[in-house]
Amino acid sequence: MLVLMDSHHSKKDLKGVIAKIESLGYRAHTIPGAQSTAVGITGNQGAIDPLVFENLPGVKEAIPVSKPYKLSGRDFKHGETRIPLDGLRRAVGAGNFTVIAGPCAVESEKQMLRIARAVKKAGAHMLRGGAFKPRTSPYAFHGLDEEGLRILAKAREETGLPVVTEAVDPRSLDLVCKYADVIQIGARNMQNYALLRLAGGIDRPVLLKRGMSATMDEWLMSAEYILAEGNSRVMLCERGIRTFATHTRNTLDLNVIPAVRKLSHLPVLVDPSHGTGLRDKVAPLARAAAAVGAQGIIIEVHDRPEEALSDGPQALLPSEFSKLVSQLRAMGKVLGYRLG
Ligand code: PEP
Ligand code: MN
């Protein structure tokens with residue numbers, strides 16, 4: 001339910017509406033608007049009678065919301081969410097195309113700093129690199145843990161680029177929040193509802209990857225978990241889904257970009273690295289992502305991919321990455337986004 005206040009309501013009227021919502025055991029989300037204020041209600045299981053609110057002073061109308069993803073959908077919020085970041089002179093979303101790049105994993109200080117300098121020079125806006133790596137094999141490299149986060153912080157200090165890195169559980173979430181600017185929740189954890197709730201309580205934006213077998217609705221419901229806990233800074237990221245195709249690691253679902261943008265106000269990025277798993281497919285799919293309306297990309301780059309401890313075969317070389325950024329910038333002139 002969305003309660004629309006009339007244009008001359010008083011503060012007391014608004015307080016009365018919020019108190020009524022809370023007295024019913026629901027949560028109130030105040031949404032200030034250009035014309036007037038609206039109050040979104042979450043936490044109700046079934047339908048609420050609009051008259052409960054329409055009879056209160058200062059209320060213009062109470063509108064039932066049909067979508068289960070109330071906060072991530074467009075019913076509660078018009079326009080596009082922009083997510084400003086410290087150190088980034090522009091926000092993620094709302095007409096900006098954001099380029100995030102770096103290695104799959106932080107492997108050493110030297111490796112991370114070399115790649116951070118290279119992607120900064122090529123025009124990246126943010127740095128990526130995993131310190132906690134969810135791997136298919138228990139015997140594979142699982143990241144440098146807190147040491148990896150220290151290295152990322154050093155790379156940020158040197159390049160000025162904000163850092164995105166993954167948290168895989170409550171302990172790593174606490175640590176990642178100490179060092180990183182944006183917290184990534186990976187595909188494998190998209191339905192880790194306990195972790196999503198915790199991410200909803202932190203003071204950091206979240207990059208929420210789509211699970212490899214998740215429908216768009218399930219993905220938006222996962223975003224809803226974070227938003228419902230009070231963290232409104234969520235960016236979505238399509239990273240490829242499981243299909244019958246074996247010619248690439250995953251099938252990058254670019255159909256979902258215009259579909260999710262129609263339903264949600266949240267910024268949507270694309271990860272063509274995990275989406276394809278193959279170096280020569282990454283740049284074409286990154287360009288395709290921009291063409292279908294993605295608001296940014298997250299790309300794996302390595303200067304010595306043959307030595308990489310994870311995902312070497314899908315890493316772009318710095319020179320390839322640099323060329324891609326120039327192409328994406330040029331495309332922005334036609335498509336109407338700003339890459340900077
Ligand atoms: C990653 O970006 O490092 C990663 C592990 O991606 P995903 O969760 O999409 O597999
Ligand atoms: Mn990877």
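Predicted model: local features only at pLDDT ≥ 70, side-chain atom pairs only at ≥ 80, totals over all residues.
Colleague: Where do I start with a helix pair? Take H3 and H11: how close do their axes come, and at what angle do they cross?

Modeller: Start with the axes, then the angle. Helix H3 spans residues 109–122 and helix H11 spans residues 318–335. Their axes come within 9 Å and cross at roughly 25 degrees. Angles under 35 degrees count as roughly parallel, so H3 is roughly parallel to H11. The crossing is right-handed.

Colleague: Which residues make that contact?

Modeller: On the H3 side, Ala-118, Val-119 and Ala-122. On the H11 side, Pro-318, Phe-321, Ser-322, Val-325 and Arg-329. Next, sort by class. The contact of H3 with H11 has six nonpolar residues, one polar and one charged.

Colleague: H10 also meets H11. How do I read the angle there?

Modeller: By the rule used above. H10 covers residues 279–291, and its axis comes within 10 Å of the H11 axis. The two cross at roughly 20 degrees. That is under the 35-degree limit, so H10 is roughly parallel to H11. The H10 and H11 crossing is right-handed.

Colleague: What does each helix bring to the H10 and H11 contact?

Modeller: H10 brings Arg-279, Ala-283, Ala-286, Arg-287, Ala-290 and Ala-291. H11 brings Glu-320, Leu-324, Gln-327, Leu-328, Met-331 and Leu-335. By class, that gives eight nonpolar, one polar and three charged residues.

Colleague: Last, the ligand. Which residues are around ligand 1?

Modeller: List the neighbours, then look at atom pairs. Around ligand 1 are Arg-128, Lys-133, Glu-166, Gln-184, Gly-186, Ala-187, Arg-188, Lys-209, Arg-239 and His-274.

Colleague: And the atom pairs? Does Ala-187 use a backbone or a side-chain atom?

Modeller: Backbone. An N or O atom of the Ala-187 backbone lies 2.8 Å from a ligand 1 oxygen. Arg-128 works through its side chain: an N or O atom there is 2.8 Å from an oxygen atom of ligand 1. For Lys-133, a polar side-chain atom is 2.8 Å from an oxygen atom of the ligand.

Methods. Residues numbered from 1 in each chain as written. Chains lettered and ligands numbered in written order. Heavy atoms only, no water. Axes fitted to C-alpha atoms, helices over the stretch in contact; angles between N-to-C directions. Helix = DSSP H or I, 4+ residues; strand = E, 2+ residues; numbered from the N terminus. Parallel < 35°, antiparallel > 145°, perpendicular 65-115°, else oblique. Left-handed = near helix turned anticlockwise from the far one by under 90°. Contact = heavy atoms within 4.5 Å. Nonpolar A, V, L, I, M, F, W, Y, C, P; charged D, E, K, R; others polar. Near = heavy atom within 4 Å. Polar contact = N/O pair within 3.5 Å; in protein donor to acceptor, adjacent residues only side chain to side chain.
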